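Please examine the sequence and the three-dimensional structure shown below. The explanation that follows is meant to be read alongside them.

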Amino acid sequence: MTLRVLAAMSGGVDSAVAAARAAEAGHDVTGVHLALAKNPQSYRTGARGCCTVEDSRDARRAADVIGIPFYVWDMAEEFDRDVVQDFVSEYAAGRTPNPCLRCNEKIKFAAVLDRAVALGFDAVCTGHHVRKAGGRLRRSVDDAKDQSYVLAVLTREQIAHAMFPLGDCTKAEVRAEADRRGLAVADKPDSHDICFIADGDTAGFLNGRLGSEPGPIVDQSGEVLGTHNGAHAFTVGQRRGLHLGGAVDRRYVLSIEPVNNTVTVGPREALAVDEIVAERPVWSGCEPPAEPLACTVQLRAHGEVHPCRAWQREGRLVVRLDEPATGVARGQAAVLYDGDVVLGSATIAETSRRAEAAAAG
Amino acid sequence: MVYLDHAATTPVRPEVVADMTAEFGELGNASSLHGAGRRARRVVEEAREAVAASLGATPNEVVFTGGGTEADNLAVKGLYWARHGADPARRRILVSAVEHHAVLDPARWMADHQGAVYEELPVDAGGRVDPAALRAAIERDPADVALVSVMWANNEVGTVQPVPELAAVAREYAIPFHTDAVQAVGVLDLDFAASGVSAMTVTGHKIGGPVGAGALLLARGVDPVPVLHGGGQEREVRSGTLMTPLLRGFGTAVRLAAAERTAHAAELAGLRDELVAAVRRAVPDVRLNGHPTDRLPGIAHLSFPGCEGDALLMLLDARGIACSTGSACSAGVAQPSHVLLAMGADPETANGSLRFSLGRGSGQADVKALAEAVGPAVERARAARARRR
C-alpha cells in the first residue's frame with residue numbers, strides 16, 4: 001500500500017537513508033527538516049548539533065538526490081517549551097532528564113506527527129535504529145546503535161503512525177548504502193551530544209539558565225566534606241568533578257537535593273538500589289501488569305539490562321531488580337523489555353534498597 | 001506545473017535565449033582594444049542604449065551590475081560613503097519599512113559597522129509611504145540625511161509608491177533619492193529622467209532576461225563610492241569584466257518589456273482580478289493585502305485566516321502549484337513578513353499569507369487549477385493549525 005510519508009530529515013546519514021528506503025518502497029515521501037533553534041548557528045562548532053544551517057542544507061541536498069520534495073518546518077517554539085525548558089526544570093528539581101526521549105515523545109511523534117496527519121500524511125518516517133514488530137517496538141539488530149530506549153515512551157497509537165526503515169541493519173550498512181546511493185552525508189560523523197548544547201558543556205549551559213550557587217557536599221551522616229559550585233552539575237553515580245581531595249576519594253554522588261542545594265556522596269556500595277518506582281508509565285508492548293511480571297529493565301541510554309519483576313500499582317510502575325544496580329538516576333526512563341521487545345516505559349521517581357536485601361547483603 | 005511565482009523569477013524569453021546563445025558563441029572582452037574586444041564592446045553599448053532608451057535614461061547613466069542586490073548595495077553603501085565623505089554630519093539613511101532585504105540589510109549593516117544612523121519611514125495599511133512622512137523625517141535635521149531609499153513597487157504585496165512625489169521632497173533638500181524598481185519594469189510607466197530620482201535599480205530576471213545581469217541608473221552628478229574595486233569598467237563605479245552575453249540578453253529583455261508594457265500590464269491585471277475572485281469563492285474570508293488601487297498588476301498577496309502559509313504552500317506544491325510565502329531566512333524557516341508587519345498586520349496573519357504572482361505565460365488554466373486546489377488545502381492547513389498549541 002502506498003502511504004503518504006513525512007520523512008523527518010536531520011541532515012544526518014540515518015534519516016537520509018531512511019527517507020530513501022521509504023521512497024524506494026513506493027511510498028509518496030516528503031522530506032522535512034525540523035528547525036529547532038530560533039537562531040541556528042551557521043557552522044558546526046566542535047560537538048555536532050542537530051539544527052545548524054549546514055544540517056538543513058545537508059538534508060535538502062539528500063532530498064534532492066532521493067528526488068523528493070523538501071521543506072523546513074519551524075518547531076523552535078515547541079522544542080524550546082517541551083524539550084529545552086523541560087530539560088532545565090528537570091535538572092533544577094535534582095533529576096537527570098533525557099532530552100532525546102522527550103523530543104521523540106513531544107516533538108517528532110507528537111507535534112510533528114499531529115501536524116503531518118492533519119495535513120494528510122499517513123506516517124512519520126525517521127532514521128532511528130529500532131524495529132517495529134506487530135505494532136510493538138523491537139531493538140535494532142545493531143546493538144550498539146539501538147534507540148529503542150529513547151522511543152519506548154511512544155504509545156501504540158504513535159507507533160502505528162511511525163515508520164522505522166533502518167531497524168534491520170547496522171550503522172555500517174547504513175553508511176555503505178548512503179555511499180551507494182550517492183548521498184554526500186555518508187561520511188558525516190554521528191551526533192552524540194545534546195543538540196541544543198553545541199559545545200557539549202552541559203554544566204555551563206545549566207549554569208547560564210539556572211545560575212550557580214555554591215553549596216555543601218555532605219556524606220550520608222550529614223558531615224560536610226567540601227563545596228560544590230552548583231548542584232545541577234551533578235548526576236547520581238557521578239564520581240569525577242567532586243574535588244574532595246585524596247582523603248575522601250572513591251566517593252560517588254548519591255543524591256542531589258535542589259531545595260537545600262546539597263549534594264550527598266558516599267561509597268559505591270551505597271549507590272546500589274533494587275527497588276524503583278517510576279511515574280507516567282506508557283505500555284505499548286503489553287497490558288499494564290497487575291501482578292509482578294518477570295522481564296528485564298534498562299535504566300539509562302546504552303545501559304545494561306537487569307532481570308526484574310515489574311507491575312503497575314496505583315498508576316505507577318514498580319520494578320524489583322533481581323540484583324542491585326548502581327547509578328540509577330531520577331528523571332531517567334525505566335524501560336521494560338521482553339527479550340528485545342519493548343513492553344513499556346516510565347520515568348524514574350524514587351529508588352531504594354529493600355531492607356531485607358540490605359540486611360542480608 | 002502551475003507557476004504562480006513570477007515575482008521570484010520568470011521564464012527567460014525565447015528572443016533573449018536566442019540572443020544570448022548567439023553571443024555565448026562569440027569571443028571578446030569588452031575592455032580589450034583589439035577587434036574582438038571592439039565587437040564585444042559594441043554589443044555591450046547597444047544593450048546599454050536599449051536599457052537607457054526603454055527607461056528614460058541616457059546611456060551614460062546606466063551602470064551595469066550583476067543584478068538587483070548588487071545595484072541596491074552600490075546605491076545604499078556607495079551613496080552613503082560619498083555623502084558622508086563630503087560632509088561627516090550626514091549619517092542618516094532613510095528607508096521605507098517595506099524595502100527588500102537588498103536595501104534593508106545594507107542600510108542596517110552600515111549602521112552596525114560604519115557609524116550610519118538607520119531610520120525607517122513608516123507606511124500606511126496599504127504599504128505606502130506618505131510624502132509628508134518623508135518630509136517630517138528629513139525636517140528633523142535636513143543636514144544629517146545621507147540618502148533616502150524607497151522602492152518603486154513592493155515585491156511582496158505589490159504596492160506602488162508615489163516615487164516622483166517622494167523624490168521631489170528629497171530634491172528640495174538636495175538629498176540623493178534611490179529607488180529599487182526591480183518589480184516595476186515592464187508593468188509600470190518608468191521614466192528615470194521624469195521621475196526625478198537620483199538612482200534606480202533594475203534587473204533582468206524578473207522580465208524574461210537572464211539571472212546575473214542588472215543595472216543601477218545613476219543621474220549625472222550622482223557618484224557613489226565603489227563597492228567593487230578593480231578594473232573600473234563601469235564608469236569607475238563598478239569593476240568586473242562585462243558579461244557580454246548576459247548584457248545582450250538583458251538589453252533585449254528590457255527593450256521588449258518596455259515595448260509591450262501597456263498591453264501586458266492590462267492583461268495581468270485582468271487575470272489577477274480573476275484569480276482573487278476565484279480564491280475568494282473557494283475561501284470567502286480570504287483577505288487581499290496591499291494598496292487597493294496603487295498596486296502591481298501581477299501580484300495578489302492573500303491572507304488566509306487560521307492557516308500557516310508554509311503548510312498551505314506545501315499542500316499547493318504537492319498539487320503542482322508554485323507560489324511563495326515571502327522571504328525565507330537562511331535555514332529556510334519562514335519568518336513573519338516585515339512588509340506585512342510594517343503595514344500593521346499581526347504576526348499570525350503575516351504567517352498565514354501567500355503571494356501569487358503572474359507573468360508571461362500565465363493564463364486562465366492557472367487560475368482554474370488554483371481555484372480547485374485552494375479550498376481543500378486551506379481546510380487541511382486550518383486543521384493542522386488548530387492542533388498546534
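The paragraphs below lead through selected helices, the nonpolar core, and several individual residues. The model is a predicted one.

The account begins with a helix of chain A. Helix α4 of chain A spans residues 99-118 and carries a kink of about 30°, centred on A:Val112. Of the 20 residues in α4(A), 14 are buried, and the helix is thus described as mostly covered. Just after α4(A) comes A:Gly120, whose phi is positive, at about 105°.

A second helix packs against this one. Two packed helices are described by the angle between their axes and the distance between the axes. Helix α3 of chain A comprises residues 76-92, and its axis comes within 9 Å of that of α4(A), with a crossing angle of roughly 160°. Because of this angle, α3(A) is roughly antiparallel to α4(A); angles over 145 degrees count as such. The crossing of α3(A) past α4(A) is right-handed. Which residues meet where these helices pack? From α3(A) come A:Glu78, A:Phe79, A:Asp82, A:Val83, A:Asp86 and A:Phe87, and these meet A:Pro99, A:Arg102, A:Cys103, A:Lys106, A:Ile107 and A:Ala111 of α4(A). An α-helix has 3.6 residues a turn, so residues three or four places apart point the same way.

In soluble globular proteins, nonpolar side chains tend to be buried together. The largest nonpolar core here has 220 residues, and those that touch the most other members are A:Ala7, A:Ala19, A:Ala334, B:Leu217 and B:Leu312. The element that gives the most to this core is α4(A), with nine residues. As for B:Leu217, its contacts beyond four places in sequence are B:Leu55, B:Ala57, B:Glu61, B:Val62, B:Phe192, B:Ala199, B:Met200 and B:Val202.

B:Arg92 belongs to strand β3 of chain B, residues 92-96. Is B:Arg92 buried or exposed? B:Arg92 is buried, because 24 other C-beta atoms lie within 10 Å, and the cut-off for a buried residue is 20 or more. Apart from neighbours within four places in sequence, B:Arg92 contacts B:Val117, B:Glu119, B:Asp144, B:Val145 and B:Ala146. By contrast, B:Leu33, 59 residues away in sequence, is 43 Å from B:Arg92, C-alpha to C-alpha.

In chain A, A:Thr351 is part of strand β17, residues 341-352. A:Thr351 is likewise buried, because it has 23 other C-beta atoms within 10 Å. Its contacts, leaving aside neighbours within four places in sequence, are A:Val273, A:Ile276 and A:Val328. A:Thr351 and A:Asp14 are separated by 337 residues in sequence and by 36 Å in space, C-alpha to C-alpha.

Most residues other than glycine have a negative phi, and most peptide bonds are trans. A:Asn261 is not a glycine, yet its phi is positive, at about 55°. This residue lies in the loop between β10 (252-257) and β11 (262-266) of chain A. A:Asn261 is partly exposed, because 17 other C-beta atoms lie within 10 Å. A:His302, also a residue other than glycine, has a positive phi near 60°. The loop that holds A:His302 runs between β13 (293-298) and β14 (305-313) of chain A. A:His302 counts as exposed because it has 11 C-beta neighbours inside 10 Å, and the cut-off for an exposed residue is 12 or fewer.

Note on methods: Residues are numbered from 1 along each chain as its sequence is written. Chains are lettered from A and ligands numbered from 1 in the order in which they are written. This is a predicted model: local features need pLDDT of at least 70, side-chain atom pairs count only at pLDDT 80 or more; totals for chains, interfaces and linings use all residues. Helices (H or I, at least four residues) and strands (E, at least two) are DSSP runs, numbered from the N terminus. Two residues are in contact if their C-beta atoms, placed from the backbone, lie within 7 Å. The bend at a residue is the angle between axes fitted to the seven residues ending there and the seven starting there. A nonpolar core is a set of buried Ala, Val, Leu, Ile, Met, Phe, Trp, Tyr and Cys residues joined through C-beta atoms within 7 Å. Axes are lines fitted to C-alpha atoms, for helices over the stretch in contact, and angles run from 0 to 180 degrees between N-to-C directions. Angles under 35 degrees count as roughly parallel, over 145 as roughly antiparallel, 65 to 115 as roughly perpendicular and the rest as oblique. A crossing is left-handed if the near helix is turned anticlockwise from the far one by less than a right angle, and right-handed if clockwise.
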